[in-house]
Amino acid sequence: ASNLGLEPRRYAGSPDANAKLDCNRHKFFEREVLAMTGDGTNDAPALRAADVGFGMNSGTSIAKAASDIVIMDDSFGSLVSAVRWGRNVYVSILKFLQFQLTINIVAVAITVLGAAVLHHTPLGAVQMLWVNLIMDSLASLALATETPTDAMLDLPPFEAEAPLLNDNLLKHIVGQAGYQ
C-alpha cells in the first residue's frame, strides 16, 4: 500500500466498534475504499458504513444483515477469493467494453464510408443488428468464463469513482479500431 501512496491502517486483535467507525470516518475524508470484517452486533454500524462489509457466518444475524457479503466458512481465504473474483469481474467488464466499442466503431465507420463512397450502405440495419447480436453474445460468453488468477491480487486497487472509459482504454479502442 505504501507504493500506492496510501498509508495502511491496521487494527491488531479485535478492535472495538468505535475504532472501526473511526477507520470508516478516515476512509470518508481520504476517499479511500474500505472493506471491513465483523461478526458481532457492535460491528453492524461499521459493516454498513464500509464500502464492502464482510460478515462472518458464525456472527450475529444483525452483523450478517448489515454486511454486503457473508463469508460462509469464516475463512480469510474466502475473503481473498471474493476480492479476486470481484477484481476479475471489473477487469472483464473493461475488456467487454473495449471489445464492443471497438467492434461498433468499426461497423459504423464501414457503414458511413461505404455510404459516402458507394452511395449505399454495405451493411443494412438488420445485418448490423445481427453483427451486434453475435458479437455481444460471443464476447460475453468468452469473458464470463474467464477464471480469476492470483495476478488479480497484484493489481493496485481500483478507484471507486474512476470512469470506466479512462484515457488508456480509449487509446486502445481507437488504436484497435484503426487497425481493423
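This is a predicted model: local features need pLDDT of at least 70, side-chain atom pairs count only at pLDDT 80 or more; totals for chains, interfaces and linings use all residues.
1. Asp 74 is partly exposed, with a relative accessible area of 33%. The residue belongs to the loop that joins β3 (69–71) to α4. As background, most residues other than glycine have a negative phi.

2. For orientation, here is the overall layout. The protein has 6 helices and 3 strands. Read from the N terminus, the order of elements is α-β-α-β-α-β-α-α-α. The protein has 180 residues, and 27% of them count as buried. Among contacts with a separation of 6 or more, 44% are between residues 24 or more positions apart.

3. Helix α4 covers residues 76–118, a run of 43 residues. From its first C-alpha to its last it reaches 62 Å, close to the 63 Å expected at 1.5 Å a residue. Several of the points below concern this helix and what it touches.

4. What caps the N-terminal end of α4? The cap is Ser 75, through a side-chain oxygen that lies 3.1 Å from the backbone nitrogen of Gly 77.

5. Beyond the other end, just after α4, comes His 119. This residue lies in the loop between α4 and α5. Is His 119 buried or exposed? Its relative accessibility is 70%, and the cut-off for exposed is over 50%, so His 119 counts as exposed.

6. Thr 121 is in the loop between α4 and α5. It is partly exposed, with a relative accessible area of 39%. Not counting residues up to four places away in sequence, Thr 121 touches Thr 111 and Ala 115. Thr 121 and Thr 111 are 10 residues apart in sequence, and their C-alpha atoms are 5.4 Å apart in space.

7. Next, the pairing of α4 with α5. Their axes come within 10 Å and cross at roughly 160°. Angles over 145 degrees count as roughly antiparallel, so α4 is roughly antiparallel to α5. The crossing is right-handed. On the α4 side, the residues making the contact include Ser 92, Phe 96, Phe 99, Ile 103, Ala 107 and Thr 111. On the α5 side, they include Met 128, Asn 132, Met 135, Ala 139 and Leu 143.

8. Why does Met 128 count as buried? Its relative accessible area is 19%, and buried means under 20%, so Met 128 falls in the buried class. Leaving aside neighbours within four places in sequence, Met 128 is in contact with Ala 107, Val 108, Thr 111 and Leu 123. Ala 107, Val 108 and Thr 111 are also among the α4 residues that make the contact with α5. Met 128 and Asn 104 are 24 residues apart in sequence, with C-alpha atoms 9.2 Å apart in space.

9. Helix α4 also packs against helix α6 (residues 167–179), with the axes 9 Å apart and an angle of about 40°. That angle makes α4 oblique to α6. The crossing of α4 and α6 is right-handed. In α4, the residues that meet α6 are Leu 94, Gln 98, Leu 101, Thr 102, Ile 105 and Val 106. Their counterparts in α6 are Leu 169, His 172, Ile 173, Gln 176 and Ala 177.

10. Which residues does Gln 98 touch, not counting residues up to four places away in sequence? They are Leu 169, His 172, Ile 173 and Gln 176. Gln 98 itself is found in helix α4. With a relative accessible area of 15%, Gln 98 is buried.

11. Gly 175 has its place in helix α6. It is partly exposed, with a relative accessible area of 43%. How many residues apart in sequence are Gly 175 and Thr 102? The answer is 73, while their C-alpha atoms are 8.9 Å apart in space. Thr 102 is one of the α4 residues that meet α6.

Notes. Residues are numbered from 1 along each chain as its sequence is written. Side-chain values use heavy atoms; hydrogens and water are left out. Helices (H or I, at least four residues) and strands (E, at least two) are DSSP runs, numbered from the N terminus. The expected span of a helix is 1.5 Å times one less than its number of residues. A polar contact is a pair of N or O atoms within 3.5 Å; within protein, one must be able to donate a hydrogen and the other to accept it, and residues adjacent in sequence count only if both atoms are side-chain atoms. Buried means under 20% relative accessible area, exposed over 50%, partly exposed in between (1.4 Å probe, protein chains only). Contact means heavy atoms within 4.5 Å. Axes are lines fitted to C-alpha atoms, for helices over the stretch in contact, and angles run from 0 to 180 degrees between N-to-C directions. Angles under 35 degrees count as roughly parallel, over 145 as roughly antiparallel, 65 to 115 as roughly perpendicular and the rest as oblique. A crossing is left-handed if the near helix is turned anticlockwise from the far one by less than a right angle, and right-handed if clockwise.
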